[in-house]
Amino acid sequence: MRITHLLKHSVWIAQKDLIEFSRNRMLLVMLIIFPLFMMVLTGYIFPTGNTLRDLPIALVNQDMNEGIYGNESVTLIGDLEEMGQRSGSFDFRTTGSESEARDLITKGKMSGAVIIGKDFTEDIISGEQGTVTVLYDQSKPQISLQVMAALDSAIARIGTQKAVSTVNRTIGIDKNASSALVTPFKVGNKGTVPGNPSYFQFLAPGIMMLLVMFSVMQGLPRAISHEKETGTFDGILAAPTSRFSIIMGKTLAQSVRGVTQGGIVLLLAIVLFGVKVNGPIWLVIGLMLLGIFSFIGVGIIITSIASDEETAQMFMMLLQFPMMFLSGVFFPVEQMPWYLQYASKALPLTYAIQAMRKVMVLGAGVQDILTEVVILFGFGTVLLFVSIPLFKRAMSK
Amino acid sequence: MTSSGQSCNIETKGLTKKFGGFTAVDGVDFCVNEGEIFGLLGPNGAGKSTIIRMLTTLSMPTSGTAKVAGHDIVKEPHKVREMVGIVSEKMIMYDRLTPRENLRLFGRLYNVPGRELEDRIEELLTIVNMTKWADTQIGKFSTGMRQRINVVRSLVSKPRVVFMDEPTLGLDPQSTTEIRKLIQRLNRSDGLTIILTTHIMNEADVLCGRIGLIDKGRIAAIGSPSELKDKISEKGRTIVDLDLIDPPHDAFDRLRMAEFVLSAAQVENRVKVIVSRENAFEDVLEAVRKNEMRLRNASVMSPSLEDVFLHFTGRSMVEEVKDRVPMAGGHGPWRRSGSGRVR
């Protein structure tokens, strides 16, 4: 009898919270606006595969003998320009001298420069390597890295083609054999699931977990401190209701809210950003619930320590900010220095996001995310055991 | 209604609550009888609300204890909760819910069975003429309407005792009258025991069978309004209100020197004197003249609860409330002389 009351009370308290929530139009709108906002912002601000578009690159040809450009450099420039036009990434512009090219980079008019060395043709003819220097803009490290990599590989590819035709001509074996001789290894890149890697595909699982888990962490303290401030909490505390029912009811309501929020993120990601769910959908929902479970304790602890809404808000900011950046929502954890990687390993959100990515992007099944599931469950259980006595004590002051 | 001979429905013993170094409630003892309206009267910050919070199990006493409807508030809080209703100064209701939904939620939390609960809700809404608004969200209501719901919300579980913390605070005169009538009706027809706190003397006078005067966390006096007034008006005691022209700051002290003056208090140029004789108006005027003070006006008054409060605490409640002076260790504007030696 006692236990049925306990459960019924939780359901009624949850129901009350959800009715209030469903009648708050502004909140409902935010449920859609907020994730949309986050996806659009983060999805487009951070670099994706197609950032390199028509980047102006200065071309300086120093390979000149008696007023005439060397053959080899002219061929290389022709090949580069053709490649630039075909891929649309670079817009090569012939520039008079190296110092002029440097000046243009400093002024921000060029994103980089390709400088063909003085004795380029002569070196090649005499059996040596021709020198090409790539200048880059140090004020834009992310762009420079991509420019360098793209130019390096373009120049190397042109060089390889040249080598293949030389071998073909001099040794007299056919083209395929010549290629095998020059580049004995052939590298093919393939994902484990069909489709190209997309930043949204990477982002969506992270944002989903982030919003779901934060909604419990924020929602719980906010709901309770709000009721404390308006005085309605006294009404619930003065009723013959167990403290456990109160916290359970509140958690239940926030969980429903969290899963709704997660579902909306997923739907937006699929419909608007072409994200695919490769794993089973029940596992996606299951992971959301597990994520919520692992965070309930944090919510209850904040509720118990913070006496009013403002203090609760501050606590949440303190926890959320590092979590957003350390848990790998926007950047992969592997990119971080080792000490931050350790910090990220202490956050449940990291595991939740990791698992969700495996399921959504890689189509993983339960057996593939067992470690994460166990860790999340452990996190949640330990935090609950810590938080419930704290809550009970805070309520009987 | 007196306490003699009856067993207490609510009984406190040395009830004390400290917040850090500040003692909000200091060893309070009182007894409330079954079916009584008992008022806790005192200025803001006197400790009334803290007493109510302890008796409704919302706050644990630092020391001392109390029994409510036969159950100990410290040892059996759950049993106490089942027995009592609470009308809080901050209204307990959800704005986005309708009155019916609010009452239903709380009825369920008190384990009132479904059918009975729906009937009870209908009955309560009828009592306060709110059936028409039963399914409108409370956020759209006026303060008066909200307070009606706030009061009946406390009754949904059929409590034996209802605690009301400032039930008419912030209401317009019409709503105030309505709520007071409702309180009286509940007390008379259902025999409900009601404890209410108020800082309005008139309210306590009209509503309460007995009153406990609270000052600085202590009970200054307990009794029915007429008993309390009799204490300062018995044996033909006279209260004279003097309006003086440029009186010295210690006018009240000088007047008290007259052997027939029991107590005196002063706010600026007004001095209130309680005299231990009948028809002593002339004597008071004589004393004023003897002290070379000049009169603008003077009148004999019948005692009010305000005078009672003044007499027992030496401070005026009206002034305290008006100025919202924090009470902790503060002093009222009335400087007082004389003692509580009332026979």
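Mentor: A crossing is called left-handed if the near helix is turned anticlockwise from the far one by less than a right angle, and right-handed if clockwise. Keep in mind that this is a predicted model: local features need pLDDT of at least 70, side-chain atom pairs count only at pLDDT 80 or more, and totals for chains, interfaces and linings use all residues. Residues are numbered from 1 along each chain as its sequence is written, while chains are lettered from A and ligands numbered from 1 in the order in which they are written.

Trainee: OK, so is the crossing of helix 8 of chain A past helix 14 of chain A left-handed or right-handed?

Mentor: Helices are DSSP runs of H or I with at least four residues, strands are runs of E with at least two, and both are numbered from the N terminus. Axes are lines fitted to C-alpha atoms, for helices over the stretch in contact, with angles from 0 to 180 degrees between N-to-C directions. Helix 8 (residues 199–230) of chain A and helix 14 (residues 348–362) of chain A pack at about 135 degrees, their axes 9 Å apart. The crossing of helix 8 of chain A past helix 14 of chain A is right-handed.

Trainee: How many nonpolar residues does that contact of helix 8 with helix 14 of chain A have?

Mentor: Two residues are in contact if their C-beta atoms, placed from the backbone, lie within 7 Å. Helix 8 of chain A brings residues including M208(A), M209(A) and M213(A), and helix 14 of chain A answers with, among them, I353(A), M356(A) and M360(A). By class, the contact of helix 8 with helix 14 of chain A has one charged residue, two polar ones, and a nonpolar count of twelve. (Ala, Val, Leu, Ile, Met, Phe, Trp, Tyr, Cys and Pro count as nonpolar, Asp, Glu, Lys and Arg as charged, the others, Gly among them, as polar.) 

Trainee: And how is helix 1 of chain A set against helix 10 of chain A?

Mentor: Under 35 degrees counts as roughly parallel, over 145 as roughly antiparallel, 65 to 115 as roughly perpendicular, and the rest as oblique. The axes of helix 1 of chain A and helix 10 (residues 243–273) of chain A come within 7 Å and cross at roughly 45 degrees. That makes the arrangement of helix 1 of chain A to helix 10 of chain A oblique.

Trainee: How many charged residues does the contact of helix 1 with helix 10 of chain A have?

Mentor: Helix 1 of chain A passes helix 10 of chain A in a right-handed crossing. Residues such as W12(A) and F21(A) of helix 1 and F244(A) and V256(A) of helix 10 of chain A take part in the contact. Sorted by class, the contact of helix 1 with helix 10 of chain A has 13 nonpolar residues and four polar ones, and its charged residues number three.

Trainee: Switching to strands, how many of the residues of strand 5 of chain A are buried?

Mentor: Buried means 20 or more other C-beta atoms within 10 Å of a residue's own, exposed means 12 or fewer, partly exposed is in between, and C-beta atoms are placed from the backbone. In strand 5 of chain A both faces are covered, with G112(A), V114(A) and I116(A) on one side and A113(A) and I115(A) on the other. The strand, residues 112–116 of chain A, is largely enclosed by the rest of the structure, because its buried residues number five of the five.

Trainee: Which residue stands opposite A113(A) in strand 6 of chain A?

Mentor: Strands pair if DSSP finds at least two bridges between them. I57(A) stands opposite G112(A), and opposite A113(A) is L135(A).

Trainee: Where does chain A touch chain B, in terms of elements that give two or more residues?

Mentor: At this interface, 20 residues of chain A are in contact with 23 residues of chain B. The elements of chain A that give two or more residues are helix 1 (2–22) and helix 9 (232–238).

Trainee: In chain B, which strands stand at the edges of the six-stranded sheet?

Mentor: That sheet is open, with order 6-7-8-3-9-10 and mixed pairing. One side of each edge strand is left without a neighbour in the sheet because each has a single partner strand, and these are strand 6 (84–87) and strand 10 (218–223) of chain B.

Trainee: Last one: how much of chain B counts as buried?

Mentor: Chain B has twelve helices and 15 strands. Of its 343 residues, the buried share is 47%.
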